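User: Hello! I am new to this structure and would like a friendly walk through it. Could you show it to me before we start?

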Amino acid sequence: MDAILLQILNGLDKGSAYALIALGLTLIFGTLGVVNFAHGALFMIGAFCAVTVQRILNLSYEVVDETQKDFLGNPLKVKTSYVESWFGPEMGGAIIDWAVPIAILFAIPIMILIGFVMERGLIKHFYKREHADQILVTFGLAIVLQEVIKYFYGANPIQTASPEALSGVANVGALFGTEIFYPVWRIVYFFFSVVIIGGIFSFLQFTTFGMVVRAGMADRETVGLLGINIDRRFTIMFGIAAAVAGLAGVMYTPINSPNYHMGMDFLVLSFVVVVVGGMGSLPGAVLAGFMLGILEAFASMNEIKSILPGIDQIIIYVVAIIILLTRPRGLMGRKGVMEE
Amino acid sequence: MFGLDNKDTRLLLVVAVLTLCAPFILNPFPTDSAMAQFNAGYPDLMQRFVIFGIFAIGFNILFGLTGYLSFGHAAFLGVGSYSAVWMFKLLSMNVVPAILLSVVISGLFALLIGFVSLRRSGIYFSILTLAFAQMSFNLAYSVLTPITNGETGLQLTLDDPRVLGVSATADGSIPVTNLFGMEMRSTFEMALGPWAFQFNAGYYLCALILLAAFYLSIRIFRSPFGMMLRAVKSNQQRMNYTGLNTKPYTLAAFVISGMYAGLAGGLMASMDPLAGAERMQWTASGEVVLMTILGGAGTLIGPVLGAGFIKYFENIFSKINDHVLHSWFSFMPDGLEDFVVFIIHPFIGKGWHLTLGILFMLVVVFLPGGLVEGGQRIAKWVKGRKNKDDSASATKTPAE
Amino acid sequence: MSKSAFSRRGVLKSGALAGTGLALPTIFTASSAAAFTNNPTGSSVTLGFNVPQTGPYADEGADELRAYQLAVEHLNGGGDGGMMNTFSSKELQGNGILGKEVKFVTGDTQTKSDAARASAKSMIEKDGAVMITGGSSSGVAIAVQGLCQEAGVIFMAGLTHSNDTTGKDKKANGFRHFFNGYMSGAALAPVLKNLYGTDRNAYHLTADYTWGWTQEESIAAATEALGWNTVEKVRTPLAATDFSSYIAPVLNSGADVLVLNHYGGNMVNSLTNAVQFGLREKVVNGKNFEIVVPLYSRLMAKGAGANVKGIHGSTNWHWSLQDEGSQAFVRSFGTKYGFPPSQAAHTVYCQTLLYADAVQRAGSFNPCAVVEALEDYEFDGLGNGKTLYRGEDHQCFKDVLVVRGKENPTSEFDLLEVVEVTPAAQVTYPADHPMFAGGALGSCNSGA
């Protein structure tokens, strides 16, 4: 029983990342009608925002310490970070420790800006082009973005730890009267994603801006005829989608050390999620994200693997095939979207 | 000629001359010159050009004609390679049965996957094919290791049975692939002044098969069957309303293009008897999509050009290192030399992915019809300078 | 139609033949009158350095390339000579190999066997490389080794840890200096016994491909011989990035040791996840829960950051070793590049030197002569103590290091500390050991 609860928890936590990425993808697709293959790269850039903030906070000056030697036998240069020297070791240390949450503040404007630039500079010209062209150009962009990151940060993963206070385990089982320990940061990630998803939905549902965007998603031309500048709003939506992907990336860094190709690792998966949810359906994307996360978690249980060896390797794809064959437009897709 | 009209015959002849003279065309620089770095006329790369050309031609029959974007085509290439290597392991080192088997097996595999995937269209079809291919890759890498030899790739060993051949040659090595005794790796070397040209038996086998495949694809493009496929692309619904069942046509196109992929896989294994699982990965499927679109989807020659372009990059650009750069610019003053190398450095050698990504974007943004459109524009421009009236008709000429 | 084209080509070719009279049938080669593949006839000799320059192992590949360039510099008489001065064989003069200047070409394996073979083939067919070396994964190393055997050039393997490289897939033209899964197990077992006792329950998480399996087999066998019990062996997909769903079941399995048979990005993520789940603070069966990472790489350990502290594993070489050879190497590498070399850099530097020395001793670049010179060759001074290149399987037998993640690193390079140097005798196995059975070296191929 505990094991099952643990895997459900694990699935929700995996699903949070899938759902966040798929949500952003669907926002872009639903509003702009563009298939964005660079969305994984946005997730990756978000993660590297956290790395950058960590690096900035750790910027340091060197003092030569004659008593210690470095690997070549020369006097060791001891590094002290500016932050620590300005705020004192304790306060400075705490700031460095909270690099990842601080990075959220840093990432939101950066990601929105990147989103704007991408949309205005490139994607805009592809609204009227074929989906295949959109896929190709955004795929090219994804390659370029990840190579640029690799050039500056190297290919190996870079550790970005969560704050000390949030890095232990918590007894989640206490709620159910048992003992289930789960990493605090992963629980934080889950609630974070719930908040973001809730935020996006209420934004679209309860604001005038959201209403216009939803109207634009349904019928762009009519909204335009009403004298509303829908393009500008769509650009803003693109920025928001980029920010969602970026925040998902920032918060993901303590879970797994980021590297330059983490975006590609998530790309295929998030497309499967989006399609299973139904192209253009926001609730579908979220639902499919959590569902595939939970199924993936269960498929990696030993009990299940012993019956179906290798199932954990292919579960996502098997589910995708079954859903697409039984529900032609995914879980919640509309008719006629991306079927030609 | 061969049941083709004049224009197609000309195209076929051009392709024939290009492929058959490739050892000359691809080796324009003398062996010892600094530019020899850019020579591509060595057997392995020439073989890759034509093999991936076949792969892309086949992909284009599905995508270019019907508009169905398969994102899992590499699976058929992989299956073809595995079948060919198994043939070498079990039967003999002759490439003919291996290639035949790889075409048949991948055709069957395509029939199965196509039958299921073609129940959906648009991106749903793409994701279905992607899912099947990724499943094949993941399983081949892990659970199916007894058949595929997993990460290492399926290789020949000294104790393979090879019932119609020998397990090991007299001097204790693994026999090599051959066509009725003609070794695929045997190469004629021709030195002509400072140039060296290599004529490889395997390459010419691949080239001849490419020509046959190209010819077949022209015939398919021009046949009523091809017209039907184009009709599917332009409006499948209308086709269905006229009471016509389009599924057999699309399925046939899918199987044919799967067989092309299998043929390419079989040839790859014949040139180099090893089959690795990463041939089936989604990135490999993505590569053939890129080749086709880069060259010009729906055109006859485009996919071949795209394949050549990407393979050239992968094999030539990735080999330029800082050392080579310094030797090129050594004529410059020291400071300037370092500066130039510093500027170019991120784009070559380990940065070849970056250059490729930028080029993709440029081509897609400015040349939506791929390299073929680029060629047409140049042709138009040249013509336009000669005769301004001609330019209007040139735009209407289809890319084929 | 193809027929007519064929005759066109026939005309063309015979014309060319008559015209030059120079065409000779050769195999895989650029110089036609050679007794073996790519016999260097000019004043220089070309070596092919085939490393991952793109993909997840690009940083290892870059470090390997640095070491190769350093080795070439030293062979050609530049720099401070590095380990050439401490090497037991004094044949190398600093005037290249056999008086020929050493040149090199580089290629990108992309950590894919297909791309690696394509790259190696172009080095052989186009650049006339007489030896290929490199690789940062066993699949690639085995694939390229097979190619070199067919082509008739020597392959000096880089970082490849699978038993199969010199086991079931060994080849006469291929040589490995790096250690392997069996050696990791044999070196780790006694240390683990001292640290954690003989009554332990081990849980294996293994990357689901050939390297993972051979290492899992080796470690399980070595620890079971100590009296440990293997609770479960779980295979994880290579493409996995989040290992939480594999780590979670460990908590309730009753195991008190977790063995992570992962490398590279897999290792970084699985270790990070294991630490996240609080495994290290856990007490099971009255014992502290422990994690073991059998194959450590310093470059990768960096990605796991503080999570590696106190975790044991094995490594081929580490820059903090105090012997003369290691120090000389660290000095010349550190002076040139500003940071200490990794184990990948060390093994490829040694391989290049060993090849050059073998050619020098054999007096010929002929692969068969080189094979003969390397087989059962004993040397010293390359950082791992006395080492033997065993003739039966072309595997080096040398001391293996057991290392531990350092608790208080003094610099960003100071991540691991050497716990024990396991003597070569302890990690040596008979050539017909069952874990290495099933293949044959075959005979050397010179391409003639």
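Analyst: Happy to. Chain B has 18 helices and six strands, where helices (H or I, at least four residues) and strands (E, at least two) are DSSP runs numbered from the N terminus. This is a predicted model, in which local features need pLDDT of at least 70, side-chain atom pairs count only at pLDDT 80 or more, and totals for chains, interfaces and linings use all residues. Residues are numbered from 1 along each chain as its sequence is written, while chains are lettered from A and ligands numbered from 1 in the order in which they are written.

User: What radius of gyration does chain B have?
Analyst: The radius is taken over C-alpha atoms, and the globule rule is 2.2 Å times the number of residues to the power 0.38. The C-alpha atoms of chain B fill a box of roughly 75 × 70 × 40 Å along the principal axes. For 400 residues a compact globule would come near 21 Å, which agrees with the value for chain B, 23 Å.

User: What percentage of the residues of chain B count as buried?
Analyst: A residue is buried if 20 or more other C-beta atoms lie within 10 Å of its own, exposed if 12 or fewer, and partly exposed in between; C-beta atoms are placed from the backbone. Of the 400 residues of chain B, the buried part is 52%.

User: Over which residues of chain B is the pLDDT below 50?
Analyst: pLDDT is the predictor's confidence in each residue, from 0 to 100. Chain B averages 87, and 96% of its residues score at least 70. The stretch of chain B with pLDDT below 50 has 17 contacts beyond near neighbours in sequence (contact: C-beta atoms, placed from the backbone, within 7 Å), and it covers residues 390-400.

User: Which element gives the most to the side of chain B that touches chain C?
Analyst: This contact takes 48 residues from chain B and 52 residues from chain C. Several elements of chain B each supply at least two residues, including helix H3 (43-66) and strand E5 (195-200). With seven residues, the one that gives the most is E4(B).

User: And which element supplies the largest share of the side of chain A that touches chain C?
Analyst: Here the contact takes 38 residues from chain A and 38 residues from chain C. Among the elements of chain A that supply at least two residues each are helix H10 (262-277) and H11. The largest share, seven residues, comes from H1(A).

User: How many residues of H11(A) are buried?
Analyst: Helix H11 (residues 282-299) of chain A reaches 26 Å from its first C-alpha to its last. That is close to the expected 26 Å, a span defined as 1.5 Å times one less than the number of residues. The helix is mostly covered, and the buried count among its 18 residues is 15.

User: Is strand E9 of chain C enclosed or open, and why?
Analyst: On one side C:Val257, C:Val259 and C:Asn261 are buried, and on the other C:Leu258 and C:Leu260 are too. E9(C) pairs in the parallel sense with strand E7 (residues 201-207) of chain C over five bridges, where strands pair if DSSP finds at least two bridges between them. Because five of the five residues of E9(C) are buried, the strand is largely enclosed.

User: Which residue of E16(C) is the bridge partner of C:Leu388?
Analyst: Strands E14-E15-E16 of chain C form, in that order, an open antiparallel sheet. Strand E15 (residues 387-389) of chain C pairs with E16(C) over two bridges. The bridge partner of C:Leu388 is C:Phe397.

Technical notes. Contact = placed C-beta atoms within 7 Å.
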